[in-house]
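Please load the model in a viewer and keep the selection panel at hand.

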Amino acid sequence: MKQLSIVILFISLLNCAYGGIVQSDTLAKDTAVKKDFVSQMQDFAKQSAARSRLDYNADRAMVRQNEILEQIKRTNQRARAFLKNGVDSLQINSDLDNIIKWHEIAGDGVFNHLGTAQTNRNLTTTYNVLVGLSKDVATQKSRIDRYQTQLIQFRFALDSLSNDPSLFQFPTDSAELVNYIQQLRAVAVEISPVTQSLKTAIYNIQHIQTKINLELFRLNAHMEEINFYQKEIADRIFNKEFVNIWQPNTFDRPFSELLYYSVHKAYLVTVFYFKAHWGKFLFLILMVLCSAYYLTSLKKALTSQQEKSGEKADGLVIRYPVCSAIIIVCSIFQFIFPAPPFIFSALLWILSGILLSVIFRTYISQYWMRIWLALFTLFVLACMDNMILQASRPERWCILLISACSFCIGLYALINRQKQEELRERWILYPIGLMTAFTLIACISDIFGQYNLAKVLMVSGLLSVMITILFLWVVRLINEGLQFASMLYTHQEQRLFYLNYNRVGTQAPTFFYIFLVIGWFVLFGRNFYEFRQISEPLKNFFEQEHALGSYTFSISNLLTFIVIMIVTTVVSKVVSYFASDQQWNSKEEKHKRKLKVGSWLLLIRITIIVLGLFLAFAAAGIPMDKITLILGALGVGVGFGLQTLVNNLVSGLIIAFEKPVNVGDVIEVGGQGGTVKSIGFRSSVISTVDGADLVLPNGDLLNSHVINWTLGGYKKRMHIVLRVTYDSDLQHIRDLLLLIMGKQVNILTSPLPVVQYNQFAASAIDIDLYFWVRSLRDASQIRSDLMQAIHQHFRQEGIVIPFPQQDIHIASGPEKEGDRED
């Protein structure tokens, strides 16, 4: 604006100057003056435009400089806060030092302090420890990498902002230049410590990162080396590894030292496994508590029922509910732990064995109790011996002693056929025979220096007997529990999640037996390296990715998808128990259940299915754009052939939201009455009064004229038609009928019963009786009782109920003459 005013003033002055010129100047002189004026104005305009551009650029640079300086300050503050709350380098170094120390302990007998030969147990335990260490190192590495990336990003942001070209555009005014230089100096002083701290932190982190990468490389290299050793042992399992047991050793290591390293490795492998699977441990404890609570409640309920009925139902699961719960849960849910260390599995087996000994105490004969205790004691000793990871002469004698005792006990149990008749489960003889054969071979192998083979056969033989006995008695305890539950809970109850034991049955299903058989082979096979050689290729086959166009998938992902959908369907089915088979419930329970779930059950089931479907897609790695293609294909299918199915599904949703009928309602559809048993995706089930289940599509149910008796509170108005003769006293009959209906306790007094005379019929007067009953289910019986009472009182009062009849009168006229002559 200032420049524009100067230009206007300059033009006005020129006009005044030229106005005073004498009009007598020649035309040529006027033309020259005009040309000089135009050139001067053009030069002035150019100079003004240049000065305007310089001022505009200076103002723009000043704004940009202020923005950059503010960004530098904010970035500097974030970087200072990040450095303050960053990782603790000292703690990380301390953790790395511990990992390196544990690595050295784990490598004892494998990479250092080598003996005459490697042992399979030491290699397996060392491998598990190294896997745990590698996971910890990988976690630290991921954390350090993220921290380093953030540090570099802060440093890059500060450097890029500090080198912005706009910061180097200095003002032309000296005062503004001094002020700007002071701002730069203040910012430089502020960011200099942070920049130096970032530089130092990046250097320290790179040093830690190098240390972590080196340790991770050592761990991976040692794990590969252990795999090579294990394969070598498996290939030479029948070769002689040590001298004969009676010959002197060429190398002896103190047994206390071997025991020290064995205990430390067992501790490390247990700690690492617990850290990786602590959620499964909590789940196992929760299942034990729930099972113990359920069996204890079952025992209390049975005891209370026995006191009332005088009957006595005795069983192991009732006598020892807590022990039974621990045995069942530990035996079944041990399979949720992937590749557990031997010490963890051994603790579960020993705990179950101790509790099973308590149950056996008063149940089996003394002979088989002694056999069991002897085998269980030998199994515990075998587990303790299996914890010793490196070979020694004392341990070889222990293996020989345990194997010899196991062989003798097994052989004694097999040859004593008279006592075999006392066995509750004769299947136990087969694993006892297997154990006898294995321990015999273990004795021979141990004597002649085949240490790894002897140890594996000894542990496997005793383990096969232990697992078989546990599984057989788990089945027995579960069957007992189901039998007592079916006997006690004859109807569904809220505290049992309305579970219908008439559907569950009194025995474990077939797939449960198959599951236990497969589990036995898995537990037995884990003792052999060959099992790993079989399982690893199978695992790789399931995890190997395949390409189908642009989509990649694996067999494990597909199986995960199928399993999630099956589990979702099962959960949806379990939820349906909340509204199924209501004939087992009292009226109060039905009313409570209807308020809690009702027709919302369908929405709950649909929600479960939808969530399960999306979870299955996510777990299988199927992208969401593929789901849109599937939905498009379903749309085409609906357009061609699924209209009826979709109509029924949508009708089910409308029923669930509008609630014209509810689960448990008494309705009439097309003259067919019954109780709504369930409302499903496609159809609803109505339990008729005849005991049959009517399956009605939801579309037909929604489009039909439905009478819902439940909405009116189960009350119903009944109608009876009577006939009396014309000579009857109508007022007396009215009073008598009202008196009869008033004496019926099941007939409501509000609204009052009504007696109306309808019409004069051909042979009687028609009377209509109207009355209300309390319960729709008792309406027919109340009607029958009332008719019987009316008939009895009418007979006592001499009131005649006529039946339809017609009187025919033949009238004869006067005779004609012709008729008389005839």
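In which hand does α9 pass α10? The crossing of α9 with α10 is left-handed, a term for a near helix turned anticlockwise from the far one by less than a right angle (clockwise would be right-handed). The model is predicted: local features need pLDDT of at least 70, side-chain atom pairs count only at pLDDT 80 or more, and totals for chains, interfaces and linings use all residues. Residues are numbered from 1 along each chain as its sequence is written, and side-chain values use heavy atoms, with hydrogens and water left out.

**First stop: α9 and α10**

Select residues 321-332 for helix α9 and residues 342-360 for helix α10; their axes come within 9 Å and cross at roughly 145°. Axes here are lines fitted to C-alpha atoms, for helices over the stretch in contact, and angles run from 0 to 180 degrees between N-to-C directions. Helices (H or I, at least four residues) and strands (E, at least two) are DSSP runs, numbered from the N terminus. Next, show the side chains at the contact (heavy atoms within 4.5 Å). From α9 come C323, S324, I326, I327, C330 and S331, and these meet L348, L351, S352, L355, L356 and I359 of α10. This contact comprises 9 nonpolar residues, 3 polar and no charged. In this division Ala, Val, Leu, Ile, Met, Phe, Trp, Tyr, Cys and Pro are nonpolar, Asp, Glu, Lys and Arg are charged, and the others, Gly among them, are polar.

**Second stop: aromatic rings**

The structure holds 28 aromatic pairs. Rings of Phe, Tyr and Trp (its six-membered ring) pair if their centres lie within 6.5 Å; planes under 30 degrees apart are stacked, over 60 edge-to-face, and the rest tilted. Select Y273 and F344, a tilted pair with 6.1 Å centre to centre and 40° between the planes. Y273 belongs to helix α6 and F344 to helix α10, so the pair links parts of the chain 71 residues apart. Buried means under 20% relative accessible area, exposed over 50%, and partly exposed in between (1.4 Å probe, protein chains only). Y273 is therefore buried at 9% relative accessibility, and F344 is buried at 10%.

Move on to F360 and W372: their ring centres are 5.5 Å apart and their planes lie at 85°, so this pair is edge-to-face. F360 is in helix α10 and W372 in helix α11 (residues 366-387), 12 residues apart. Both F360 and W372 are buried. Then colour Y273, F274, F281, F337 and F344 together, as they form one aromatic cluster.

Select residues 89-106. Helix α3 has 18 residues, which should span 26 Å at 1.5 Å a residue, and its end C-alpha atoms are 25 Å apart, in agreement. The expected span is 1.5 Å times one less than the number of residues. Within α3, I92, L96, I99, H103, I105 and A106 are buried. What covers them includes α4 (120-162), α5 (174-235) and α6 (255-276).

Centre on Q450, in the loop between α14 (429-447) and α15 (451-488). Is Q450 buried or exposed? Its relative accessible area is 17%, so Q450 is buried. Beyond its neighbours within four places in sequence, Q450 is in contact with F238, N239, K240, E241 and S445.
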